[in-house]
Each structure stands twice: as structure tokens, then as C-alpha cells.
Amino acid sequence: MSIRVALVGTGNVGRLSLIQLIEDPRFELTAVCVSAPEKVGVDAAVLAGQQTPTGVLAVDDLDALIATNPDCVVYCAMGDTRPVEAFTDVVRILAAGIDVVGSSPNTLQYPWGVMPAKTITKIEETTAASGASLFVTGVDPGFANDLIPFVFAGTCQRIEQVRCMEIADYATYDGATVMFDVMGFGKPLDETPMLFLPGVLGLAWGTTIQQLAAGLGVTVDDIEEIHESEPAPEAFEVAAGSIAQGTRAAVRFQIVGKVEGRPAIVIEHVTRLRGDLRPDWAQPAQPGGCYRVEITGEPSYTVDICPTSLKGDHNHAAIVAAAGRIVNAIPAVVDGPAGIRTTLDLPLVTGPGITPNTFRA
């Protein structure tokens, strides 16, 4: 019997999740909730860019979505700029006895040691009372810096450091809020973007640091935030808008988890809007971008994850991967116990199957 699933949010991750929810026979779509007025009343197929109507028309009322009685809600509404609202939404859904998987709020990927104790208790008490469960994930933070390093760390006799990197050109990333408001691209270098406010990097990727530490059996004593920016040598255009000369056009930042004073767990991002900027920073394994896991130990590893897609570039492929990780986890979350679920306790999640006619010769 198919799993009844509803979706909240049809942005970059939500729209690609919606495509799989419609096409994957494991699921029955019950509702779609949106925030944009022009999307209300639109068939889910149109929002997903598909031709065959589903009969599911988008609503802007979370209660109306809950009333369709889904087994699980895929929550992909923006959480970066509205963390309190996203948290409140998730609690309402869980309180109704409905499981949640999603991409936000990303601090719920592994909240222990990151979020206030009372916030974690709120989720734990809600899920205990309703019997619902919650799993939040993505690509980074997400499987590229929890699942992948855990797999390779499991072969090591000794580990000195785990470093997880995203090295990417964001010129084709069409998300103005993230690009300009969160990351500060196109803004003066003396203007501090949301991402670089003290504590924000540690909050955003602290879940990854703490989850890796828990899986590796170590305790993080301190988290250090490091960042630097590079200005645009001249004005140019990207998918999200205009980058003026002298404004922020490339960033490199690190979140360093220290164990006994040593940098044991490091998350590093190198994000450019042009490939020629800061050639001395780490370069991707494929044009456009990759994710890289470096384990220093015995043995040591350098693992490059190079997402590609028949329907878009590396940025599109990475978002597809995030959506796939979220949607494919639904059966395991629905079948599992109540509470906050993480990569550490979720069973191995695989894809929906092999479709031979999608392979290229």
C-alpha cells in the first residue's frame, strides 16, 4: 500500500521533491502547501513542471494540509531566514501525529549540543505524545558530510581528522535569498552577511560537527569559525542577479570542531561566482563543483562526490540529490520509532529501484 504524503514548500528542493512524490509509486500525494499567492489553487503537476494533472490543488493553509491525513509531510519551506516559523510548523505537524522529513529547519538534523535544551525537549515531548518522528537532512549540511564520511571512517583503524568540503561555482544557483541575503554575494565586503554573523556558521553546521563527533565517539571542546571573501574584479551577471565590481564574489569559510585543542572535524566551503576567482583556493574535481571528504588516518582517503544531471548542471544535480535523500527516507521514517531520527540511527536508505530506460548507452 502506498504511503500518503503531503508537501510544504515548492522552492528549489520542494519542487524537485514534488516530482518524485508524483512519479514514485511508493507514494500517494494528498496535499501541497505553498506561500506564494499565485501558486494557490494550481495543480501539483503544474508546480512540478509536469503535464498530467494530479487533481491535488495547492493550498496556503497548513491546517488544510494536515486535514488530508497524510502519513508523512515533506517539509521544504525556507528555514534559513525564518527558523522560528519553520520550527513552529514542524511542531504543529508532529503534534498531529504525522511524521516529518525535510530540508529545514536544518538545526534539527542533529540538535544536541547545538540547539537550546528546551527546544529539543519540545520536539521530544511532542513526538513522544503523538508517536510521530522527524528526520531533517540535505546534501550539505546532509549526506555529503555525515553519511559519506561515516561509510569511509568505518574502514579506518585510526582517524586524526575528518574534513568535509563543498567546492562549487554558484553562478547558476537561482536563489536570490540565499545568494544575497544569507551569503552576501553582490554586497560590499565591509557589510557582514547573515552567514558570517558571529555564531551563525557554528549553528548552521554545528549539527554536522556534533553528529560526526557522536558517530566517531569523541567530544568537541570548541567550534571555531573562519571566513574570508574575495571581491569581483569587474561587474558581471549570475542567475540570481547582478554582481557589481568590488562586491563579494567568492567566499571561503571553515567550521572547525576541536577535540583536545586539535582541529579534528572540519567543514569547509569554497564558493565562487566565477571559476577564475581565487585559484589558490581548493579546486573542484569536475567543472562547476564537487563535494569532497578527506580523512586523515590509517588508511587516509580523499573522496570526491561529483553530482551530474541530465536536466541541469552541478547545482541542479546537488539539489536533486538533497531531494532524493529526503524522499527516499520516507518509508524508513514512517516505519521507525517516534522521535528525532538522524543518520546515526536511520537504517540504510537506498533508491526506489532501477529503471533501465534511463541509462545512457
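This is a predicted model: local features need pLDDT of at least 70, side-chain atom pairs count only at pLDDT 80 or more; totals for chains, interfaces and linings use all residues.
Let's start inside. The largest nonpolar core contains 89 residues, and those with the most contacts inside it are Leu21, Val32, Val74, Met179, Ile243 and Ile330. At least three residues of this core come from each of domain 1 (3-136 + 318-359) and domain 2 (146-306). Another core, of 26 residues, lies apart from it and has Ala77, Ile98, Ile123 and Leu134 among its members.

In general, nonpolar side chains of soluble globular proteins tend to be buried together.

## Leu21 and Val74

Leu21 sits in helix H1 (residues 12-23). With a relative accessible area of 2%, Leu21 falls under the 20% cut-off and is therefore buried. Setting aside neighbours within four places in sequence, Leu21 is in contact with Val5, Leu7, Phe27, Leu29, Val74, Val327 and Ile330.

Val74 has its own set of partners: not counting residues up to four places away in sequence, Val74 touches Val5, Ala6, Leu7, Val8, Ser17, Leu21, Val101, Ile326 and Ile330.

For a sense of scale, Leu21 and Glu124 are 28 Å apart in space, C-alpha to C-alpha, and 103 residues apart in sequence.

## Helices H4 and H5

Now for the helix pair. Helix H4 (residues 83-95) packs with helix H5 (residues 117-130) at an angle of about 20 degrees, and their axes are 8 Å apart. Because this angle is under 35 degrees, H4 counts as roughly parallel to H5. The crossing of H4 past H5 is left-handed.

On the H4 side, Phe87, Val91, Leu94 and Ala95 meet Thr119, Lys122, Ile123, Thr126, Thr127 and Ser130 of H5.

Technical notes. Residues are numbered from 1 along each chain as its sequence is written. Side-chain values use heavy atoms; hydrogens and water are left out. A nonpolar core is a set of buried Ala, Val, Leu, Ile, Met, Phe, Trp, Tyr and Cys residues joined through side-chain atoms within 4.5 Å. Buried means under 20% relative accessible area, exposed over 50%, partly exposed in between (1.4 Å probe, protein chains only). Domain bounds come from an automatic or database domain assignment. Contact means heavy atoms within 4.5 Å. Axes are lines fitted to C-alpha atoms, for helices over the stretch in contact, and angles run from 0 to 180 degrees between N-to-C directions. Helices (H or I, at least four residues) and strands (E, at least two) are DSSP runs, numbered from the N terminus. Angles under 35 degrees count as roughly parallel, over 145 as roughly antiparallel, 65 to 115 as roughly perpendicular and the rest as oblique. A crossing is left-handed if the near helix is turned anticlockwise from the far one by less than a right angle, and right-handed if clockwise.
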